[in-house]
Amino acid sequence: QAQDLHFSQFNHNPLFQNPANTGNFKGDYRFNAAYRSQWKSVTVPYSTILFSADNASLVKNLGLGLMFIDDVVGDGQLRTIDFMPSVSYKINLTQDGVHSIRPGVQFGLNFRELNTNALSFDSQYNGYSFNPNLPTGETFQRQKMANFTMSTGFIYEWYKSNRKTFNFGAALYNIPRQNQGFFGETVHRDLRLTVHGRGQFKVSLDWDIIPSFSLNFQGKYNELVFGSEARYILKQQKGDYKALYFGAFFRNKDASFVSVGMDYQNWFAGLSYDINMSKLVP
């Protein structure tokens with residue numbers, strides 16, 4: 001009974017952040033990949049891979065996308081796989097397109113697997129030593145499961161220019177509250193509500209400031225992340241664009257993290273590192 005996975009660079013995982021982000025970009029196609037390694041000091045660090053792709057040009061104002069997530073955690077190699085298509089539609093609130101709202105929906109398959117053979121139990125200690133060949137005394141009804149999952153959300157955007165924008169959105173995940181139990185009893189996955197916002201403002205000829213926040217609520221858990229990136233434009237001419245990013249963020253009662261990134265033409269690459277500030281230590 002735990003919370004969903006999360007990414008520090010939440011602004012750079014658009015389809016994971018909100019299904020309404022599908023197709024919300026300037027261009028025809030967008031491809032995204034992310035890798036997360038968390039808790040290097042535990043026996044088996046968390047490892048997460050995400051791929052997504054979306055289109056904004058097949059049908060006017062319609063965004064189509066697809067997201068794949070592979071997450072593996074713990075000694076039991078608990079694996080969660082999400083395969084989720086998504087769709088969104090842009091509705092202009094003004095004729096000039098400065099104000100718009102975009103609802104979106106995401107649906108697909110949630111797959112879970114647990115390798116119980118990799119786990120050890122007290123009953124396998126014979127009084128002198130640990131013997132992995134002894135019976136575990138545990139009964140798992142199943143080690144694999146697949147469930148339908150769905151999420152929905154919206155984004156409001158104020159777009160004055162490429163360097164003067166603001167958006168605000170909210171999304172609701174795990175709407176069917178799919179079963180996550182391996183012992184036979186039903187363990188519902190809690191609904192997760194995400195609220196997020198991001199602005200981009202020009203402060204000089206070469207510098208932009210990009211503040212943002214993300215709020216997550218799931219069961220008894222909550223998460224608040226806020227901070228800002230700064231972008232320094234190295235070169236901006238027709239067909240030649242380069243920029244650097246520097247960011248600092250704070251995750252309430254948990255960690256701070258710093259990030260760096262670079263735009264090169266139509267490509268962006270970013271790296272972040274979390275600095276633990278909570279009482280959780282090796």
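Reader: What makes a local feature or a side-chain pair count here?

Author: The model is predicted, so local features need pLDDT of at least 70 and side-chain atom pairs count only at pLDDT 80 or more, while totals for chains, interfaces and linings use all residues. Residues are numbered from 1 along each chain as its sequence is written, and side-chain values use heavy atoms, with hydrogens and water left out.

Reader: Why is the contact of Arg-231 with Asp-208 called a salt bridge?

Author: A salt bridge is a side-chain nitrogen of Lys or Arg within 4 Å of a carboxyl oxygen of Asp or Glu. The closest N and O atoms of Arg-231 and Asp-208 are 2.6 Å apart, so the pair meets the definition. The pair links distant parts of the chain, with Arg-231 in strand S11 (residues 221-237) and Asp-208 in strand S10, 23 residues apart. Strands (E, at least two residues) and helices (H or I, at least four) are DSSP runs, numbered from the N terminus. By the salt-bridge rule the count comes to 13.

Reader: How do you know whether Arg-231 is buried or exposed?

Author: Buried means under 20% relative accessible area, exposed over 50%, and partly exposed in between (1.4 Å probe, protein chains only). Arg-231 has 7%, so Arg-231 is buried.

Reader: What makes the pair of Lys-235 and Asp-240 a salt bridge, and which class does each residue fall in?

Author: The N to O distance between the side chains of Lys-235 and Asp-240 is 3.1 Å, and they meet in a salt bridge. Lys-235 is partly exposed because its relative accessible area is 34%, whereas Asp-240, at 18%, counts as buried.

Reader: How do you know that Asp-274 and Arg-251 are paired?

Author: Their side chains meet in a salt bridge at 2.5 Å, N to O. This pair also links distant parts of the chain: Asp-274 is in strand S14 (residues 267-276) and Arg-251 in strand S12 (residues 240-251), 23 residues apart. Asp-274 has a relative accessible area of 27%, so Asp-274 is partly exposed. Arg-251, with 6%, is buried. Elsewhere, Asp-4, Arg-189 and Arg-192 are linked in a network of salt bridges.

Reader: What makes a group of residues a nonpolar patch on the surface?

Author: Patches are made of residues with over 30% relative accessible area and no salt bridge; like charges are joined within 9 Å, and nonpolar side chains (Val, Leu, Ile, Met, Phe, Trp, Tyr) within 5 Å. The patch here is formed by Phe-154, Phe-166, Phe-168, Phe-201, Val-203, Trp-207, Ile-209, Phe-246, Val-260 and Leu-271, with about 870 Å² of accessible area together. Accessible areas come from the Shrake-Rupley method with a 1.4 Å probe; for residues, only the protein chains shown count as cover. Strand S8 (164-173) and strand S10 (207-218) each supply at least two of the patch residues. Val-203 sits in the loop between strand S9 (192-202) and S10, and its 55% relative accessibility is why Val-203 counts as exposed.

Reader: What makes the phi of Asn-174 worth a remark?

Author: Most residues other than glycine have a negative phi. Phi of Asn-174 is near 60°, a positive value in a residue other than glycine. Asn-174 lies in the loop between S8 and S9 and, at 5% relative accessibility, counts as buried. Gln-265 also has a positive phi, near 55°. Gln-265 is in the loop between strand S13 (255-264) and S14, and its 32% relative accessibility is why Gln-265 counts as partly exposed.
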